[in-house]
Amino acid sequence: MKRMGMIFRAKANKALDRAEDPRETLDYSYQKQLELLQKVRRGVADVATSRKRLELQLNQLQGQSAKLEDQGRKALALGREDLAREALTRRSALQQQVTDLETQHQTLQGEEEKLTLAAQRLQAKVDAFRTKKETIKATYTAAQAQTRIGEAFSGISEEMGDVGLAIQRAEDKTAQLQARAGAIDELMASGALDDPSGMAKDDITAELDRLSGGSDVELELQRMKAELAGGPSAGKQAIESGQGGEAQPSPQQDQPRFDKQ
């Protein structure tokens, strides 16, 4: 079970490593940092709001304390010492609340300053991380493109490998068809294969046809020469003599002709 678990974790790690894109991971980390910075800023705003509320309460209590002090003086001036004592007693209670609120205000003010400083530091780190993130992403993209170009030039990429295999298969099939066509031509020329259409001829038949065609040309040439020399009847006689044997020269052909100027 331990071995199976280790194999499963190893394969899962390999699959995750293959599926992981460093650029996406950096973008996700940057997003989490922005969320943290937002939370810190929200905390600063909450502390500042509490501090402001305490300041309002302090102002209100201080106003009431000043009012009680003024009332005590007026009561004492009118000879109402009892009212003056009551006013001063209430003022003393209010003064204790003012002291407590001032302590809380100082504490909140200190927390606000700490959170503000932390937010500024975090903002600086986020900005630095963003710059580094974009630099790493650009470097990774350039390296990836360079690797793909190198693989394409060297032919070891998957796409170029498929193209190379297709070209190799096409060349093999072409060579096979050429070899088959050449073999069929040789067999038909040697007479080992018959042509069902009857158009193919062996070497002897082709030679006889060539000689026969040459003889017909020679006879036609003799007829034309005879016509030019002695007229149509001579041409016919030349053809008949050529068919029966070698043509005999006629006296008219041997005598030179002189045209009158």
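**Entry 1: accessibility terms and isoleucine 136**

I began by writing down that a residue is called buried when its relative accessible area is under 20%, exposed when it is over 50%, and partly exposed in between, with a 1.4 Å probe and protein chains only. The model I am reading is predicted, so I noted that local features need pLDDT of at least 70 and side-chain atom pairs count only at pLDDT 80 or more, while totals for chains, interfaces and linings use all residues. Residues are numbered from 1 along each chain as its sequence is written, and side-chain values use heavy atoms, with hydrogens and water left out.

I looked up isoleucine 136 and found that, because its relative accessibility is 37%, it counts as partly exposed. Isoleucine 136 lies in helix 3, where helices are DSSP runs of H or I with at least four residues, strands are runs of E with at least two, and both are numbered from the N terminus. I also checked leucine 26, which is 110 residues away from isoleucine 136 in sequence, although their C-alpha atoms are 8.7 Å apart in space.

**Entry 2: the whole chain**

How many helices and strands does the protein chain have? I counted seven helices and zero strands, and I wrote the order from the N terminus as α-α-α-α-α-α-α. The protein chain has 261 residues, of which 14% count as buried. I then turned to contacts, meaning heavy atoms within 4.5 Å, and looked at those in the protein chain with a separation of 6 or more: 71% of them join residues 24 or more positions apart.

**Entry 3: helix 2 against helix 3**

I reminded myself that two packed helices are described by the angle between their axes and the distance between the axes. For helix 2 and helix 3 I noted an angle of about 165°, with the axes 6 Å apart; the axes are lines fitted to C-alpha atoms, for helices over the stretch in contact, and angles run from 0 to 180 degrees between N-to-C directions. Helix 2 is therefore roughly antiparallel to helix 3, since angles over 145 degrees count as roughly antiparallel, under 35 as roughly parallel, 65 to 115 as roughly perpendicular and the rest as oblique. I recorded the crossing of helix 2 and helix 3 as left-handed, which applies if the near helix is turned anticlockwise from the far one by less than a right angle, whereas clockwise is right-handed.

**Entry 4: nonpolar cores**

Next I searched for nonpolar cores, that is, sets of buried Ala, Val, Leu, Ile, Met, Phe, Trp, Tyr and Cys residues joined through side-chain atoms within 4.5 Å. Which residues make up the largest nonpolar core? I listed seven: Leu54, Leu58, Leu61, Leu68, Leu94, Val98 and Leu101. Helix 2 and helix 3 are the elements that give two or more residues to this core, and the largest share, four residues, comes from helix 2. A second, separate core has six residues, including Tyr30, Ala119, Leu122 and Val126.

**Entry 5: glutamate 112**

Is glutamate 112 buried or exposed? I found it buried, because its relative accessible area is 15%. Glutamate 112 sits in helix 3, which covers residues 81–154, and, again leaving out residues up to four places away in sequence, glutamate 112 touches Val47, Ala48 and Arg51.

**Entry 6: salt bridges**

Searching the whole structure, I found 15 salt bridges, each being a side-chain nitrogen of Lys or Arg within 4 Å of a carboxyl oxygen of Asp or Glu. In one of these, glutamate 35 pairs with lysine 32, and the closest N and O atoms are 3.4 Å apart. Glutamate 35 and lysine 32 are three residues apart in helix 2 (residues 22–77), so about one helical turn separates them. Glutamate 35 is partly exposed at 35%, and lysine 32 is partly exposed at 40%.

I then looked up lysine 52 and glutamate 55, which form a salt bridge with the closest N and O atoms 3.8 Å apart. Lysine 52 is partly exposed at 48% relative accessibility, and glutamate 55 is partly exposed at 21%.

For arginine 73 and glutamate 69 I noted closest N and O atoms 3.0 Å apart in their salt bridge. They are four residues apart in helix 2, which means about one helical turn lies between them. Arginine 73 is exposed, with a relative accessible area of 56%, whereas glutamate 69 is partly exposed at 26%.
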